[in-house]
Amino acid sequence: MQLTQLSLAFSWLTRMLASFSVRTRIVLLALIPVAGFVANGFTYTSGEGDVGRTFDTFKRSAAVADASRDFKSAVASMRIVVKDFNVKPNDSLVASFEYAYAVALRNLDTIEDSIEKGHTESIATMSRDLNALREAFNNLVREQNTLGFDESSGLRRQLQVAGNAVERIINDNMSGLPEPDANKLMVTLLYMRHHEADFRVTESEVARLQFQQAYKSFTDIIGPINAAPETKTSLEQVVKTYAETFGKWVEGYDKVRPLHAVIDIDSQNMLPRADDIIGYARKTAENAGQQLTTSQSRTRNGIIIVGIGMVALG
């Protein structure tokens, strides 16, 4: 159909040229190569522009895809660091988290610079979520520092010292107290130590309540004991310090535990969004490839048509 239309058009041009004078036809025939050259140049330039835009799209899509993969990897590293920090907190893991955060933020900036402006709000949301993730981790580090990174720091150290003081009381058989009362107090203190250890292993609310109940039993037993005031006061103060330290440790742990969960959930939710950006970049590159094929076909056809026109008119 298209060939038929071209044939009719060329026939019309031929008849029109035949109606011109000889001089006019000579001038027109002389201009035909120039017109063909201009037409081919325009077609080629247009095609080259399409190719340039296509390769620019390819380049930006590749940058977005690479940055998205690196961003996803950095967020995954942050999740692993937090899990390790939960098991054995230390300053090295804090530094590792900060490094992964910096990598994630840098790649998010690359994505923002390379992706279409219509995705700006989505990238801004991811940036806010990433910063919120870092803030949550900073809160976690602060609370964990209060608890202690190991047995020699923070409340963990205080709890160990207080527990050792209670152990000394048990080992000394609480001399100065009536033996029946001393035996009751010793059993109660052993229960407190047992429930403390149980809570630290199982994180059981039952263990915490049992510790409190054992401490209450201790205060109920020691109150009516007939002993030297300084002996009772000293014993009461040591056990009170132990119970209060354990309470502070439990309170601090209750602050740390939800922070672990929040960081894990929020970081997990960021991974699918990185996958969405990777998919978008891949689709954009595929569309650019199709556009390049179409542009090359259009350029080729344009040059062919101009060539046929020059032959027909010549």
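The model is predicted, so local features need pLDDT of at least 70 and side-chain atom pairs count only at pLDDT 80 or more, while totals for chains, interfaces and linings use all residues. Residues are numbered from 1 along each chain as its sequence is written, and side-chain values use heavy atoms, with hydrogens and water left out.

## The chain as a whole

Let's begin with the overall picture. The chain has eight helices and zero strands; helices (H or I, at least four residues) and strands (E, at least two) are DSSP runs, numbered from the N terminus. Of its 314 residues, 34% count as buried, where buried means under 20% relative accessible area, exposed over 50% and partly exposed in between (1.4 Å probe, protein chains only). The accessible surface of the chain comes to about 18300 Å², and carbon and sulfur atoms hold 57% of that; these areas come from the Shrake-Rupley method with a 1.4 Å probe. Among contacts (heavy atoms within 4.5 Å) between residues at least 6 apart in sequence, 74% join residues at least 24 apart.

## Helix 6 and what follows

Helix 6 covers residues 179-202 and has 24 residues. Its span from first C-alpha to last is 34 Å, close to the 34 Å expected at 1.5 Å a residue, the expected span being 1.5 Å times one less than the number of residues. Its buried residues include Leu 185, Met 192, Arg 193, His 195 and Glu 196.

After helix 6 comes Glu 203, whose phi is positive, near 60°. Ala 207 then lies in helix 7 (residues 205-222) and is buried at 1% relative accessibility. The C-alpha atoms of Ala 207 and His 195 are separated by 5.2 Å, though the two are 12 residues apart along the chain.

## Aromatic pairs

The whole structure holds nine aromatic pairs. Rings of Phe, Tyr and Trp (its six-membered ring) pair if their centres lie within 6.5 Å; planes under 30 degrees apart count as stacked, over 60 as edge-to-face and the rest as tilted. Here are two of the pairs.

| Pair | Centre distance | Plane angle | Class |
|---|---|---|---|
| Phe 85 and Phe 149 | 5.7 Å | 90° | edge-to-face |
| Phe 199 and Trp 249 | 5.9 Å | 80° | edge-to-face |

Phe 199 lies in helix 6 and Trp 249 in helix 8, so their pair ties together parts 50 residues apart in sequence. Both Phe 199 and Trp 249 are buried.

## A serine in helix 8

Ser 267 is found in helix 8 (residues 229-313) and counts as buried at 1% relative accessibility. Its side chain reaches the backbone oxygen of Asp 264 at 3.0 Å. Not counting residues up to four places away in sequence, Ser 267 touches Val 75, Arg 79 and Leu 133.

Notes. Polar contact = N/O pair within 3.5 Å; in protein donor to acceptor, adjacent residues only side chain to side chain.
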